[in-house]
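Today I'm opening a new structure and jotting down what I look up. I'll start with charged pairs and then move on to a greasy spot.

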Amino acid sequence: MRSRRTPFSRVVFSLQRYWLQDVIGTVDQAEVIEKRRAECSLSERYLFMTAMSAGIAVLGLLLSSPAVVIGAMLLSPLMDPIMGLGFALAIGDYHWLRQSARSLAWGTIVAIGLTALVVFVSPIKTITPEIVARTEPTLFDLFVALFSALAGAYAMIRGRYGTIVGVAIATALMPPLATVGFGFATWNWTVFSGALLLYVTNLITIALTAWAMARAYGFRTSLTARQSNFQNLAVFAVFIALIIPLTYSLQQIVFQTNAQRIMRAEIEDAFVRDSEIFRLDVDFRADPILVSSTVYTPTLQPNAEAEIERAFNARLSRPAQLSLTQLQVGTSATAAQAAQLSAARANEEQREIARAEDLAKRLALVAGVPESDVTIDRTRRRAMVRAQRLEGASLAAYRALEDRIAQTEPDWTIELLPPMSDLPDRIGFEAREVEEGEEPALVLTDQGRDALDTVAWASARFNVPIVLVGPQQDAERAQELLAQRGVAVSVEEGGAALRAQWRP
């Protein structure tokens, strides 16, 4: 007698049939595997792009520039061998597994080695916010890698490769690896270990998620049932091993956030209503926890520090030591805010002074002169220095040095006065075709444009007349372009190539 199916079993059967026929049945597994395998090979392109991505990432971290760091994420090819690990594990292809592991290992070594070298020779070794953000991985980072890997594996299986760009940004494999290089170069174990844990978390999560997606999409495997069960158990054990340290790290962050909330509340409760907390710094690495705070208050509280410290120790699970500074202000409702604004302005002034001093140091360094020879006008935001002669340096080289400094200080006017030297001896033009019946237009080549920029820059640095010598048509066109920039030059015909000279 034919058995009757329950509504639930019919739904399950329909879903299974849909998954097997309309989902798994539409995937060309051979094509996916072939493409994945090809992108996991250890090639010159792979190593070069890894090195370039690592270089961009470490510069973005040192400059604390999120835009530069994102650029490094987009260039990084590390996603390919990691996904290859997952797919190879799913189908039991251990030759492919070794190939992917080899590519990943060499890419990791190249990235850490290059970033460590860049940090070692760099004068900047400050731990920036971008670096700090990659030294404290939590359970949330595992989930970010998990969801990103699900999207990436789905895109690779279904042929939706445009999604990989977003996945590359979300998983952020290269920035933590560059941070590992920073920690290695500076011998900072906290930075090194935290960033390495984040990298390993992303790596393993992506690989195992790719394995799970491949198995779910029915990629064929040569493993026996017993081997498959052992593999599943090993994957589960790796996830548990990752979750333990990440959960601990998350608990630490939760504790610190809650502790700062408690500290702020206890300090506010110890003073009258019109008081303001201007500064609250907490060092959780110290034992006991070191707390430093400045409060603007209309009424000084003589025993406030001891009372607040007792409240801290009563409410927190760790002992804390408080250093409290009280600054008395007026009794009006806005007195504390006014004092805080005044202090903020003073701090901003100090930052501007420090910024100007740093600019003077860098200008002195590139100009080869003492720092005292640099002229700094903070009111007009102008900086000027007369450079020493550098062996073999042309005017274009001095202009490049000035541009490099100016790009770091966009709201300052930077003037690097070079020693007198020869102007560009070749300003190239080329004839560009126009509509029929019209004479070809003369346009600058890339070299010619750079040379003309140098002439205009040199004219602004020296009060000496300039003459253009060369073919009449080229010289007049260059004269016209310079006039548009406010540079007046004279023209002389002679020679096959257009060149610029100082008029005697």
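**Notebook: pairs and patches**

I looked up Asp-446 and Arg-449 first: they sit 3 residues apart in helix 16, so about one helical turn separates them. Helices here are DSSP runs (H or I, at least four residues), numbered from the N terminus. Before going on, I note that this is a predicted model, where local features need pLDDT of at least 70, side-chain atom pairs count only at pLDDT 80 or more, and totals for chains, interfaces and linings use all residues. Residues are numbered from 1 along each chain as its sequence is written, and side-chain values use heavy atoms, with hydrogens and water left out.

The side chains of Asp-446 and Arg-449 meet in a salt bridge, 3.1 Å from N to O. That term means a side-chain nitrogen of Lys or Arg within 4 Å of a carboxyl oxygen of Asp or Glu.

Is Asp-446 buried or exposed? Asp-446 is exposed, at 63% relative accessible area, while Arg-449 is partly exposed at 38%. The cut-offs are under 20% for buried, over 50% for exposed, and partly exposed in between (1.4 Å probe, protein chains only).

By the salt-bridge rule I get a count of 14. Next I picked Arg-399 and Asp-450, whose side chains form a salt bridge at 2.6 Å, N to O. This pair links distant parts of the chain, with Arg-399 in helix 15 (residues 395–408) and Asp-450 in helix 16 (residues 446–461), 51 residues apart. Arg-399 is buried at 12%, but Asp-450 is partly exposed at 38%.

Glu-402 and Arg-461 make a salt bridge too, with their closest N and O atoms 2.7 Å apart. Glu-402 is in helix 15 and Arg-461 in helix 16, 59 residues apart. I found Glu-402 buried at 6% and Arg-461 buried at 17%.

**Now the greasy spot**

Which residues form a nonpolar patch on the surface? I found Phe-140, Phe-143, Phe-147 and Leu-150, with about 410 Å² of accessible area together. Patch members need over 30% relative accessible area and no salt bridge, and nonpolar side chains (Val, Leu, Ile, Met, Phe, Trp, Tyr) are joined within 5 Å. The areas come from the Shrake-Rupley method with a 1.4 Å probe, and only the protein chains shown count as cover.

Phe-147 lies in helix 8 (residues 139–158) and counts as exposed at 55%.

Last, I checked Thr-209 in helix 11 (residues 189–216), which is buried at 4%. Thr-209 touches Leu-146, Ala-149 and Leu-150, leaving out residues up to four places away in sequence; contact means heavy atoms within 4.5 Å.

Conventions: Patches are made of residues with over 30% relative accessible area and no salt bridge: like charges are joined within 9 Å, nonpolar side chains (Val, Leu, Ile, Met, Phe, Trp, Tyr) within 5 Å. Helices (H or I, at least four residues) and strands (E, at least two) are DSSP runs, numbered from the N terminus.
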